[in-house]
Every structure is written in structure tokens, then in C-alpha cells.
4 protein chains.
Amino acid sequence: MEKTTIKEVTEIELKNPILVEGLPGLGMVGRITTRYLAKQLKAKKLAKLYSPHFPYYVLVNKKGSVRLLSGEFYYWKNETGENDFLLFTGDSQAQTIEGQYEIASCILDFAERKNVKIVVTIGGFRKEVEETPKVVAASTSPELLNKALQGEAIASPAGNPIVGTAGLLLGLARFKKIDAICLLGETRGYLPDPRAAKSVLEVLQRMLRVKVDLSGLDKEIEKSKEIVERMLAIEERREKYARKMRREEEERITYIS
Amino acid sequence: MEKTTIKEVTEIELKNPILVEGLPGLGMVGRITTRYLAKQLKAKKLAKLYSPHFPYYVLVNKKGSVRLLSGEFYYWKNETGENDFLLFTGDSQAQTIEGQYEIASCILDFAERKNVKIVVTIGGFRKEVEETPKVVAASTSPELLNKALQGEAIASPAGNPIVGTAGLLLGLARFKKIDAICLLGETRGYLPDPRAAKSVLEVLQRMLRVKVDLSGLDKEIEKSKEIVERMLAIEERREKYARKMRREEEERITYIS
Amino acid sequence: MEKTTIKEVTEIELKNPILVEGLPGLGMVGRITTRYLAKQLKAKKLAKLYSPHFPYYVLVNKKGSVRLLSGEFYYWKNETGENDFLLFTGDSQAQTIEGQYEIASCILDFAERKNVKIVVTIGGFRKEVEETPKVVAASTSPELLNKALQGEAIASPAGNPIVGTAGLLLGLARFKKIDAICLLGETRGYLPDPRAAKSVLEVLQRMLRVKVDLSGLDKEIEKSKEIVERMLAIEERREKYARKMRREEEERITYIS
Amino acid sequence: MEKTTIKEVTEIELKNPILVEGLPGLGMVGRITTRYLAKQLKAKKLAKLYSPHFPYYVLVNKKGSVRLLSGEFYYWKNETGENDFLLFTGDSQAQTIEGQYEIASCILDFAERKNVKIVVTIGGFRKEVEETPKVVAASTSPELLNKALQGEAIASPAGNPIVGTAGLLLGLARFKKIDAICLLGETRGYLPDPRAAKSVLEVLQRMLRVKVDLSGLDKEIEKSKEIVERMLAIEERREKYARKMRREEEERITYIS
């Protein structure tokens, strides 16, 4: 395998499909969101993406079976609405700069072949979130951005870099005249963050007029809350200690100067 | 040399060959196992693999001669059984991600041309081994996995990553419809570990119905035991010291907070 | 996108054009100079350069819009003089060695197609500048270098490496028989340095017989001065402290030896 | 420039040429030796090698001129002996693994086209040299090795890795059926080491029956001796201090355990 390649497992005709992409990244927001959506929609597997730019190991499954790292495309036939869905998630981002560009290009070529009209990418936005995480949006299309804002997202601050596949898909989509938007759930980013994923899914529902049950995420949120609280307590003690050390050092410097 | 290439040193017809692969890695288990097997079977050299992804140095032999780093294929004509053997070992793993994928693909292309039906890869599995090391197995084929379990291997835990050539050969074998299994000998992994290699060879013998004399490994095991014991003693003292330091620091933190 | 590519946004015939290049680098001198020049000349956009060797993120604009990192070519029709201008600046340098060579080659191929006769590259030259920064020049052509020296640049010391695109463009220009010169504004290099950019622009004006209003830079210079002064004060205290520490350590060593 | 390329500056027919290669590396032994030899033989420039795997900067010459990093081939017409000489040296080794293989292959392709019969590569061999440095030899050909031993080189110990171009040229020469030998001058390797270069040149003279005046190196040796002595004095004090610290720590550990 010399190049990123996509292997289709089934042939299917899709109706004005929207591609939703979410790979591992900050707070795992992209991956949690896309996987949850695929599960709730009972989306079916369409294709797998393999790449020599993924890490060079394989993973063992439950039954002692083994598989390459990969990306996966799922599809969902939308019986009542205008747009079918294409969902993309996977095990990993590319490990090199050139690999990042190659994989994003490869996903978009496939999307174009499948006649995708809109790309939605999902990720995390680092912030010391106190309350319900907000969803930060940026887009190649003012109309699409507007839809997200109506769906209660907020516009991304200027200068914000969107790193990895979620960003490059937007940047490269222009060359194919495909509109694209990125939704970033606010997250501290230390740990998988289902709360941020829930916020993103709420915006997605309003934007794309699709309805999924989000109660499955609430259990995850409860569990992660406990872990985060414990971590914060440890961190606070560390910070207190570091502050004291810094104070002492400053006193010493002041004394010398 | 721009690409990984294989140079055949002899032409030979093989009967339903099984490929056994073991490169340097954790505890050198793969390399020790494969080399020992080749030596005991008096396997003959079939081909050499060269790659621009190997480290950029050459090695000096005993006679002041010099050679590129390489991988080597050996073959063994199995007079009494169904399957001839193809053995692959070498000096090094690839040094880049893309190189890892390229070399594994190149080995599999060659295996396919030689009509290989089964690939067995060998490596180490990191564990604080107390007694006889176990052998951990994962496979692309339930039947093959079953054979290993009957041969007294244990199934790999889920989520275990298999890193490097031993892993990628399994992941990529699927695309060629070649069944593949990985056998990982438990090892602390600090040092070349002939004990883990012996455990792997015992499982291999039962699985592949081939018989080799393992007594040659026992001397190596004796030697390595002494070295490990000395290292463990040093480590224990260090750990004791580190624990004491941590305790003191924690007391200080507790005192402040 | 597998290779660096240039997309032209307009077709235009240029008269003996001179290419002025300045990318981000030491003190941001190249970028500040080229952007300021483009703005004052009201230069128009000619083409964009995209590359898989740029960092793998996209940037959000003011309106929540998104764009790939890129380089940009601007042109200026010189009504009264002999040479039109081509200006190149951008968001980033290439992130790998091979990418650096590829992007510089790509820029030069484009310049050749546009019939460029002279290339001027801009960068920073690290120095603890006290007064007005000088401009250091090196060139592939003695005549061009002479023009710069007459324009009050000083000749580069021998052995000085010119790193990145500003350097490689000179090195590679020879193969296309295009004369090239590099102008490096002296700068401490910690922070964007408009003062160094002003010095470069003054030399450029004299060399290329073009006149732009530089007063817009003076406000930037005022602002940056304050920041630098604050930073220097902090640094001085640190240095004092570090010197004291070193002295103490040396005393200890001397005592032992 | 996408690939390593060689540009010939003159056409010349060479008589059974021997290629002598020496790039920057340990103690700069390869480069000093080859440059000194070229200078003494008044060898003329034949070709330049450029590569996108060299570092991405250019160098300023004495006259404010600029040039790409490069390798250089020189030739020497041997009026009285059987073999003309081809000499290769340059500014830098390749910066990536793949680049190392590419550049070595490119040099050998050129050597083959020029009908080269023997390749001699020069480098450093790390050792705490007390007296006159010895010259360590390894070869692809027993006869060639023998000639070096008769010329007072010593055979390389087994297992010694020869890193970089000096090594890869030997490894890859086999594929072209060109005999090759590597001569490594013993050196501490901290600093450019003309003493090691002199030893190599003495062996080379005996091996290749060529005579050059080595007195020019003696001044360099004097200068470098002083620098080394000063550095050793500093190092000794450091080592003393480090030993004391280690002793104290060990006492503490022993006390605890």
C-alpha cells in the first residue's frame, strides 16, 4: 500500500448526500459525535479507507481477530427528508503533514464521486468550559454558516486555526465547489468529552432537520463528570503548589536584582 | 535505490509454503525465534530484501567485509509434511511510518508470488513475566487462531496494538486473501529474551507439526537469566529511592494545600 | 493535493517584471515588507499557491469563513518605470526540507513563465540592533549586489547561511538564469519587527526606483518599541539571576577541583 | 528540484578512474582528506550534485555571492599511473534516511557512467586516540582490503556500523559490481581533525601509489592540538564534578536501601 485507498464494501445510490466527518482529536468530540450519530441512525457500512500515513500497528478485536487502522464510511437513507447521509469516522488522523493533505483529498474525491453537496466536519474547541459547552462554527459558505447560527452555534473567532482533517476538508472543499462547515464543541480536551459531543449533535439536529435520541449520551456524561472532577481536584492542588514555588522564586529574583 | 526491492539468489518451487516472519523488536523475540528455526531446519537462503527505509548505515562482518542492512528469506523443503517453509528475518524494522507499510506490502507481494498460504508473524508482548512466558495469539482467521490455542497459546486481549511488520503483515494479508496469525511471546522486553522465543517455538511446533531441537536455546536462557537478575536488583533499589522521593514530595504538597 | 500548485485568478501580461518575495521568518521582516509594499502600491491579486508541505490546518477569517494556508502573488503595473512588479507573500514556510525545495522551485517556475528578470527576496538578519537596523545583501549577480550597496545596503559576511525560501530562491535562480538578490533587515528577531522592514523598504526604493509612503510603518514601530522595552527589562532580570546561579556553580566546581 | 541531480561542467574521458569520496562527518575526516587531496593534485571541477535532501539554506561566499549547498566532483589526470582520479566532497550529508540512500545511489550511477573501477570512501572512527591515529578499513573486496592492510591500515572490528554516505556507497556498490573500500581515521570526533586526515592520506598514498606533500596539514594539526587541549582540561573538571555528584547520590541510595 503506497497511497491512501478507499475500498467500497457495497454499491449504493445516494440522494443529495451530506457528509458528516469526525475523527479522533481534541476531546474526541469528532469521533464520539459521528459514531453516536451512525449508531442512532443505524447507518450501514459503505466503504473503508486505508492509508500508509496511519500509525504502523494493527488492533486486536474482541475475538482475537486483527485489523488495520482505517477510516470508515457509513450511509443512511433518509426516507422522509431531502438528503441522505454519509458518515466518516476512524481510528486515527494521519501521522505526517503530507499524509494529512493526502487523506483529506482522498475523502473529498470520494465525496465528489458520491455526489456529496455539503460537508460537515466535527471537532473540539479548547476552552475552560463551565456550563453547557457552546458550538463554534466556521464555513466556506455564508448560507451554511447562517444555518448553523440559527441552529444556536456561535461564529468562530477570527484567526482560530482548525487543525487536521476537520480543517483541511473545509480548505480543500473549495476546489471541488462543495460547501463545507465545521462545528467545534467547546471542551477542556483532556479526556473524551461526550458533553461537547451532545452540544454538537443538538446543533446538527437543528441544522440538518434530523432527529436522534440523545439520552444515550447522558450516561457517558455522568461517568466522565466524575473523572473530570477528580482530575480537577488533583490539578488544583498542583497549581497551588506551583504558585507557591513561583512566588518563592520571584522573591529570590527580586531580592537579587 | 528508491523503493524496497527483493533480489532472489536462487529459483525454487515451494509446496504450499508457510511464511514465518520475525524481525528485531520487543525482546528481540521475533528475530531470535526465526533465526533459531532457520538454523535448526538448515534452511537455505532464497532472497534478500533491501530498503531505503532501513537505517542509513552498513555493517562490518567478521572478515572486514561490509554489507547493507537487509531482510533475508530462507526456505526449507519439508520432505515429510504438507507445507514447505519460507522464513523471513533481518537487521532492522523500517524507520518511518510510510516505510513500515511499504516493506510489509513488499514482503506480502513476494509471499503471494511464492504461493504462500499462511503467514505466521512473531514478536514480543510486554509483561512482567514471573514463570514460563505465555504466547499471545491474534489472527485474521478463526481456524488459524483455534490451532494456536490448541497449541497452548492464549488469545490476545482486545485493544492490544501489534506494532511494526509483525502487525502490518496481518492487517495487509486480508487484501491478498492470505490467512495470517501473530504469536507474541511474553517478555519484559529490556533485553534479548530467548526464554520468550522458546515458548513461541513450542507453540509453533504444535501448530505446524514440525519438530526442532530446542536445547540450543537453554544455554542462552541461562546466560540471560543472570543478566536480568542483576538488572532487577539495581532497578529495585532505584524504585525504592524514587518511592521515598515521591513520598516526601506528597508530604510537602499535603502540607501546603 | 499531492504537489505544490499555483492557481491563477486572473490573466495579465507583465512588463519585465521584478519578483519581490517575503514569507514569515525571523522578525517577520519578509512578510511585513512585502505586505506593506503590496498595500501601498495597491497591487492586485494574480495567483495563489497551495502546498501539502504547509502546516495542516486552516484559518478562520473575520466573517467566520475558512481558508487553506497559502502563498499569494500580487502584481503592480508600473505606469512610469521599466519594470512591473510581482509580489509574493504568504502564511507560512514549508514544514519539511523537501517541501522547502519544492515550493521554491514552484515559485521560480511560475516567475519564469511570467518572464521575471530579477528576483528580490526579503528576510531578517539576527543581530542585537541598537540604532537604525542595517540591511544585509547577498546576490547571484555582482551588478545587482552593487545596486543594493549603492542603495545603502551592506554586503553580507561570508559564511552566513540564508535559511528557507528567501535563500533557496537565490540558490535555484541560477538554474533559470534569473538574477536574484536577498535583502536581510537586521533584527533581534523575537517579535514582528516593522523597524527592520522600514530599513529594507528604504533600500528597495533606492534600488528599484519606486516611491512608497513609509509613514504607515511608523505607528507600528512605536507600538513594537514599547513591547520590546518591556521584554528587555524582564530578560535583564532573568539574565542577572542566571549569572548569579552560574557564579555560584562555578565556585562550587572550583572548590571541588 | 524534486530529485538529486548532477550537473556536469565539463566533458572529459577518464582512464580507469578511482573515486575517492569524503563528506562532512565525524571529525570532518572525510571532507578534510578529500579536499586536501584535490588541492594538492590540483584536481579540476567536473560536476556538481544538488539535492532537495540537503539542508534548506544557501551560503554566502566571500564576495557577497550566494550558492546552494552541493556536492562536487573533481578529476585528476594521472599522467604516470594507471588510474585517473575522481574526487567527491561537499557541504553536507543528506538530512533524511531516504535522502541518504538517494544521494548514494546517484553518486554510484554517475561513477558507473564514468567507468569507475574502485570506490574509496573516507570517514572518522570514534576513539580516544592517544598517539598517531590508526586507519580502520572495511571493504567489499578481500583484495582491496588486503591492499589497505599492506598500506598499514587495520581491519575494522566486526559489528562496526559505518554511517552515512561513506557506508552506503560500499553497501550499494555491490549491485553495480564496483569494488569499494572505506578508510576511517581514528578521531575523538569533537572537532575537525586534520591529524586523522593525515593518517588516512598516508594509507591512501601507499594503496594508490600516488604521492602528495602532506606538510600543509601539519600547521592545521598544530592549531587543532591547542584547542583540543583546552577543551580536555574543561572536560576533566566537569567529569570530576559529575563523579563527585554521582558518589553523593549513590551514598544516599545506599543509605536508604
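Modeller: Before we start, buried stands for under 20% relative accessible area, exposed for over 50%, and partly exposed for what lies in between, with a 1.4 Å probe and protein chains only. Helices (H or I, at least four residues) and strands (E, at least two) are DSSP runs numbered from the N terminus. The model is predicted, so local features need pLDDT of at least 70 and side-chain atom pairs count only at pLDDT 80 or more, while totals for chains, interfaces and linings use all residues. Residues are numbered from 1 along each chain as its sequence is written, chains are lettered from A and ligands numbered from 1 in the order in which they are written, and side-chain values use heavy atoms, with hydrogens and water left out.

Colleague: How many of the six residues of strand β7 of chain A are buried?

Modeller: From β7(A), A:F85, A:L87 and A:T89 point one way, while A:L86, A:F88 and A:G90 point the other way, and burial holds for all of these residues. The strand, residues 85–90, is therefore largely enclosed by the rest of the structure, the number of its buried residues being six of the six.

Colleague: Which residue of β7(A) is the bridge partner of A:Y74?

Modeller: Two strands pair if DSSP finds at least two bridges between them, and β6 (residues 71–76) of chain A meets β7(A) in the antiparallel sense over six bridges. On the other pairing, β2 (residues 18–21) of chain A runs parallel to β7(A), with four bridges joining them, and A:L19 stands opposite A:L86. For A:Y74, the partner in β7(A) is A:L87.

Colleague: Within what arc do the buried residues of α3(A) fall, seen down its axis?

Modeller: In helix α3 (residues 142–150) of chain A, the residues A:L144, A:L145 and A:A148 are buried. Taking the arc as that of the directions from the helix axis to the C-beta atoms, these buried residues line one face of the helix, because they fall within an arc of 100 degrees.

Colleague: Which exposed residues sit on the face of α3(A) turned away from its buried side?

Modeller: The buried residues of α3(A) are covered by elements of chain A that include β8 (118–126), β9 (135–139), β12 (179–187) and α5 (194–208), where contact means heavy atoms within 4.5 Å. The face turned away from that buried side carries exposed residues, namely A:P142, A:E143 and A:Q150.

Colleague: How far apart are the closest N and O atoms of A:D91 and A:R31?

Modeller: A salt bridge is a side-chain nitrogen of Lys or Arg within 4 Å of a carboxyl oxygen of Asp or Glu, and A:D91 forms one with A:R31. The pair links distant parts of the chain, 60 residues apart, with A:D91 in the loop between β7 and α2 (97–113) of chain A and A:R31 in helix α1 (residues 29–40) of chain A. Both A:D91 and A:R31 are buried. Their closest N and O atoms are separated by 3.8 Å.

Colleague: In which strand of chain A does A:K48 lie, given that A:E72 is in strand β6?

Modeller: The side chains of A:E72 and A:K48 meet in a salt bridge at 3.9 Å, N to O. This pair links parts of the chain 24 residues apart, and the strand that holds A:K48 is β3 (residues 44–50).

Colleague: Is A:E72, together with A:K48, buried or exposed?

Modeller: A:E72 and A:K48 form a salt bridge between their side chains. By the relative-area limits, both residues are buried.

Colleague: Which residue of chain C forms a salt bridge with D:E2?

Modeller: The contact takes 31 residues from chain C and 27 residues from chain D. Counting buried area as the accessible area (1.4 Å probe) that two parts lose on being put together, summed over both, the value between chain C and chain D is about 2600 Å², of which carbon and sulfur atoms give 66%. One salt bridge is found across this interface. With its closest N and O atoms 3.0 Å apart, the partner of D:E2 is C:K3.
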